[in-house]
Amino acid sequence: MHRVGVLALDGVLPFELGIPARIFGAARDAAGKSLYTVTTCSLDGRPVRAEADYDLTVSHDASLLATVDTVVIPPSHALGPIRAEGRLPDGLRDALAAVRPGTRMVAICTGTYVLAAAGLLEGRPATTHWREADRLQRMFTTARVDPDVLFVDDGDILTSAGVAAGIDLCLHIVRRDHGSRIANEVARSCVVPPWRDGGQAQYIQRPVPDPAGNGTAPTRAWAMERLAAPLTLADLAAHAKVSVRTLTRRFREEVGLSPGQWLTRQRVDLARHLLETTDWPVDLVAHRAGFGTGTSMRQHLHAAIGVSPQAYRRTFRPTHTAA
């Protein structure tokens with residue numbers, strides 16, 4: 001069983017602190033057996049002051065972190081010298097130094113500061129809450145901070161933006177570890193969307209869609225039901241009863257992408273789901289996802305996630321022999 005250790009620092013945000021236990025705790029195999037154990041600790045095993053008006057009691061100190069497979073660091077509003085000077089306090093530095101090599105390190109929101117101050121983000125991609133991204137980049141110039149994504153998966157280092165993006169990241173980890181079916185079951189149990197791509201833009205000062213019903217949501221829903229069809233911008237604009245130019249502007253305002261980019265992303269997501277959950281040949285997956293040919297899907301999938309359909313299928317279905 002995979003062991004997850006969650007480090008609660010003073011000033012921890014209770015919502016984000018609870019995400020790992022809620023998401024990983026809901027992951028079970030076909031026999032109903034838990035796939036993860038989740039244990040929370042503080043640096044000294046004593047209660048920690050939450051960002052809310054209460055303290056939190058834990059049962060373990062930070063020596064726990066040397067025994068787990070994944071360490072999760074939720075955000076705190078009291079990072080002190082970590083955020084102000086890029087320096088870890090002695091106790092935290094010692095706790096992280098004791099983490100075993102190869103342990104997966106996960107930070108939610110401003111927890112990314114902790115990984116950066118520990119020297120774990122040098123030359124590596126990461127994200128955090130968009131309000132903190134510029135400061136994080138200025139303080140840790142060798143990190144590659146992307147303020148426009150929900151989460152970043154760099155193998156053994158994973159970081160997310162704020163609040164609900166922590167849910168997306170933990171679901172992504174379940175999906176990476178155990179495949180789409182179990183991740184979807186976890187999402188259904190927790191009543192959250194099963195998948196928001198890490199590359200999706202954070203919601204940064206986007207204009208509020210016109211409440212008079214001129215938004216693109218109905219057209220997006222219509223297109224989602226027809227991904228296998230050869231949809232064009234003109235088709236989308238005709239459904240929305242606007243010009244292509246107006247449609248493009250509204251898409252960018254509401255989802256941060258052009259209609260073409262959005263449509264490609266939905267098709268890539270559908271292709272990934274079909275590769276994970278069916279035995280269909282690659283050409284059939286490509287047709288059902290709207291790419292037309294296997295060659296086209298290979299190009300788009302490689303551009304999106306850097307792997308071929310066969311490699312992706314092997315990752316999520318290791319016992320499957322790709323067609």
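1. Glu276 and Arg175 form a salt bridge, with 2.8 Å between the closest N and O atoms. A salt bridge here is a side-chain nitrogen of Lys or Arg within 4 Å of a carboxyl oxygen of Asp or Glu. Glu276 sits in helix α11 (residues 259-277) and Arg175 in helix α6 (residues 165-178), so the bridge ties together parts 101 residues apart in sequence. Helices (H or I, at least four residues) and strands (E, at least two) are DSSP runs, numbered from the N terminus.

2. This is a predicted model, in which local features need pLDDT of at least 70 and side-chain atom pairs count only at pLDDT 80 or more, while totals for chains, interfaces and linings use all residues. Residues are numbered from 1 along each chain as its sequence is written, and side-chain values use heavy atoms, with hydrogens and water left out.

3. Buried means under 20% relative accessible area, exposed over 50%, and partly exposed in between (1.4 Å probe, protein chains only). The areas come from the Shrake-Rupley method, and for residues only the protein chains shown count as cover.

4. How many salt bridges does the whole structure hold? The search finds 14.

5. Arg3 and Asp69 are joined by a salt bridge of 3.2 Å, N to O. This pair links distant parts of the chain: Arg3 is in strand β1 (residues 2-7), and Asp69 is in the loop between β4 (55-56) and β5 (70-73), 66 residues apart. Arg3 is partly exposed at 34%. Asp69 is partly exposed at 22%.

6. Helix α7 (residues 180-190) holds both Arg181 and Glu185, 4 residues apart, about one turn of the helix. Their side chains meet in a salt bridge of 2.9 Å, N to O. Arg181 is partly exposed at 46%, and Glu185 is partly exposed at 35%. Elsewhere, salt bridges with shared partners join Arg3, Asp69 and Arg100 into one network.

7. Asp10, Asp44, Asp55 and Asp61 gather in a surface patch of negative charge. Patches take residues with over 30% relative accessible area and no salt bridge; like charges are joined within 9 Å, and nonpolar side chains (Val, Leu, Ile, Met, Phe, Trp, Tyr) within 5 Å. Lys and Arg count as positive, Asp and Glu as negative; His and the chain ends are not counted. Each charge is placed at NZ of Lys, CZ of Arg, CG of Asp or CD of Glu.

8. Where does Asp44 lie? Asp44 is in the loop between β2 (36-41) and β3 (48-49). Asp44 is partly exposed, at 47% relative accessibility.

How values were computed. Accessible areas come from the Shrake-Rupley method with a 1.4 Å probe; for residues, only the protein chains shown count as cover.
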